[in-house]
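Please look through the structure shown here, and then work through the questions and answers that follow.

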Amino acid sequence: MAKTQTAYDYDFLKMPDFSQLQADYSRFVSEFGKMFANGKMPMVDVDAVTSAQRKNLEAVQAVNQVAIEGFQAVARRQAEIVREASEELQSLLKDVASANAEDRFAKQADAMKVIFEHAVANTNELATMVQKTNTEAASLINKRVSENLDEVKTVFAPAKAAAKDVKETVAKK
């Protein structure tokens, strides 16, 4: 059964096992040294890495541009909706105020129905705009991630070949 730790356990006060740390460090240094066997050093294509990072930044800029444009479009549409709603409300209030007492309740009910229908339609329109922006941004991100994974293969191909050479050299000894 696994030991559960409580607030009263003082395991954090125990000293670390330095012999294990030393063994891990020695193993790391040994593995690192194998990379440089026979004077060969596995190289990474620095130009390819730089190019990939440049493309990553360009993709981030493109996604930010899409997000900003989408935000601006939603903000503009919200301002239009507020203006339209204000004008519509003024018109409906005039209609209700000019109606006689018997028709007032019917006009108020009709006005509430119209206001509700417009609110639902506007909410759906804004949600569609946001969804379109999110889809476009996600598409750009997905495309760059896919390209990035392909680039990683090519960037580290020289290192893989060099590591293979190191393994073969070490195996011969």
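Q: Which residue forms a salt bridge with Arg144?
A: This is a predicted model, in which local features need pLDDT of at least 70 and side-chain atom pairs count only at pLDDT 80 or more, while totals for chains, interfaces and linings use all residues. Residues are numbered from 1 along each chain as its sequence is written, and side-chain values use heavy atoms, with hydrogens and water left out. A salt bridge here is a side-chain nitrogen of Lys or Arg within 4 Å of a carboxyl oxygen of Asp or Glu. The closest N and O atoms are 3.1 Å apart in the pair that Arg144 makes with Glu147.

Q: Is Arg144 buried or exposed?
A: Buried means under 20% relative accessible area, exposed means over 50%, and partly exposed lies in between (1.4 Å probe, protein chains only). Because its relative accessibility is 7%, Arg144 counts as buried.

Q: Which helix holds Glu151, the partner of Lys55 in a salt bridge?
A: Helices are DSSP runs (H or I, at least four residues), numbered from the N terminus. The side chains of Lys55 and Glu151 meet at 3.3 Å, N to O. This pair links distant parts of the chain, 96 residues apart, with Lys55 in helix H2 (residues 46-98) and Glu151 in helix H3.

Q: Which residues are linked with Lys55 in a network of salt bridges?
A: Side chains of opposite charge can pair when their charged atoms come close. The network joins Lys55 with Arg144, Glu147 and Glu151.

Note on methods
Helices (H or I, at least four residues) and strands (E, at least two) are DSSP runs, numbered from the N terminus.
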